[in-house]
Amino acid sequence: MLIKAEFQCSNTHWKKCPEGDLPEFSFIGRSNVGKSSLINAMANNKKLAKTSSTPGKTRLINHFLINKKWFLVDLPGYGYAKVSKKSRRGWSGMSADYLLNREKLMCTFVLIDIRLTPQKIDLDFLNWCGENQVPIAIIFTKADKVKAFELQENIKAFENKMLENWEDLPTRFISSSVKRLGLEEITEFIENTVKRLSADKK
Ligand code: GTP
Ligand code: MG
């Protein structure tokens, strides 16, 4: 699926983000989980969003206009311990305020590094989304880094942990920006949501 992506703007506050009524879809997750890389892979443009092997790269709310129809929003990651307490609060506060207040936000994709065992910080964040009725889907990232059986085992372990708190699991995707896995499914999910929204409006 071909998508045309253009960088639109970076902001420190949800109120300063683009006006108008284009729907938005955001990517969030721990620092270094691969949010910016996934945006670049979906857009087939390695230079679109800034990526880094050092965590804490994305520090602003970044809007990318896709196919002139919707925004993909790259958010600062959570859980990066090395930044000062003040700026840590600033980043997570920025993302949290955006998630809680942005009316055009249709779905937030929570990215989970599938190489790891279930992490408390991710489970806590997902619970926070649930408690605050932030609509979410999950993307298990870096699937190229694990063997097929390990991938399935780690996903099962994560889902089982989630089921301790959740009655139904949100939609889940598996991705690899390196192997270009899952990109079409994610794009299609978004495009279908956008289509449904515009059909509802008519
Ligand atoms: P912050 O902006 O710091 O919150 O991080 P981020 O979540 O945007 O991560 P980013 O996309 O910058 O990627 C972090 C590191 O993981 C980089 O070194 C990427 O090359 C690597 N990476 C991202 N996605 C993948 C993937 O699917 N497979 C592999 N093998 N590496 C990946
Ligand atoms: Mg980033």
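Modeller: Let us begin with the term helix: a helix is a DSSP run of H or I with at least four residues, numbered from the N terminus. Ile155 lies in such an element, helix α4, which spans residues 148-163. Please note that this is a predicted model.

Biologist: Why is Ile155 called buried?

Modeller: Buried means under 20% relative accessible area. Ile155 has a relative accessible area of 6%, and it is therefore called buried. Leaving aside neighbours within four places in sequence, Ile155 is in contact with Ile114, Phe140 and Ile174. Ile155 and Ile174 are 19 residues apart in sequence, with their C-alpha atoms 9.2 Å apart in space.

Biologist: What makes Thr108 buried?

Modeller: The cut-off is again 20%. The relative accessible area of Thr108 is 0%, so Thr108 counts as buried. Thr108 has its place in strand β5. Not counting residues up to four places away in sequence, Thr108 touches Ser26, Ile28, Leu99, Val134, Pro135, Ile136 and Ala137. The C-alpha atoms of Thr108 and Leu72 are separated by 9.7 Å, and these residues are 36 residues apart along the chain.

Biologist: Strand β5 also holds Asp113. Is Asp113 buried or exposed?

Modeller: Asp113 has a relative accessible area of 8%, and is therefore buried. Strand β5 covers residues 105-113. Not counting residues up to four places away in sequence, Asp113 touches Val33, Thr141 and Lys142.

Biologist: What makes strand β3 largely enclosed by the rest of the structure?

Modeller: Six of the six residues of β3, residues 61-66, are buried, so the strand is largely enclosed. In a regular strand the side chains alternate between the two faces of the sheet. In β3, Ile61, His63 and Leu65 point one way, and Asn62, Phe64 and Ile66 point the other way.

Biologist: How do you know that β3 pairs with β4?

Modeller: Two strands pair if DSSP finds at least two bridges between them. β3 and β4 (residues 70-74) have five bridges, in the antiparallel sense. In β4, Phe71 is the bridge partner of Leu65. β3 and β4 form a hairpin with three residues between them, and Asn67 in the turn has a positive phi of about 50°.

Modeller: The test of at least two bridges applies to other strands as well. β1 (residues 5-11) and β3 pair in the antiparallel sense over six bridges, and the bridge partner of Ala5 in β3 is Ile66. β2 (residues 24-29) and β4 run parallel and are joined by four bridges, with Ser26 opposite Val73 in β4.

Biologist: What is the order of the strands in the open sheet?

Modeller: The seven strands have the order β1-β3-β4-β2-β5-β6-β7, with mixed pairing.

Biologist: What makes β1 and β7 edge strands?

Modeller: Each of β1 and β7 pairs on one side only. Neighbouring strands of the sheet are turned by 25° against each other on average, direction ignored.

Biologist: Turning to helices, how many residues of α1 are buried?

Modeller: Eight of the nine residues of α1 (residues 35-43) are buried, and the helix is mostly covered. The buried residues include Leu38, Ala41 and Met42. Just after α1, Asn44 takes a positive phi of about 55°.

Biologist: Why is α1 called roughly perpendicular to α5?

Modeller: Angles of 65 to 115 degrees count as roughly perpendicular. The axes of α1 and α5 (residues 183-201) come within 10 Å and cross at roughly 85°. That value makes α1 roughly perpendicular to α5. The contact is made by Leu38, Ala41 and Met42 of α1 and by Leu183, Ile186, Thr187 and Ile190 of α5. The residues of this contact divide into six nonpolar, one polar and no charged.

Key: Residues numbered from 1 in each chain as written. Chains lettered and ligands numbered in written order. Predicted model: local features only at pLDDT ≥ 70, side-chain atom pairs only at ≥ 80, totals over all residues. Heavy atoms only, no water. Buried < 20%, exposed > 50% of the residue type's maximum accessible area, 1.4 Å probe, protein only. Helix = DSSP H or I, 4+ residues; strand = E, 2+ residues; numbered from the N terminus. Contact = heavy atoms within 4.5 Å. Axes fitted to C-alpha atoms, helices over the stretch in contact; angles between N-to-C directions. Parallel < 35°, antiparallel > 145°, perpendicular 65-115°, else oblique. Nonpolar A, V, L, I, M, F, W, Y, C, P; charged D, E, K, R; others polar.
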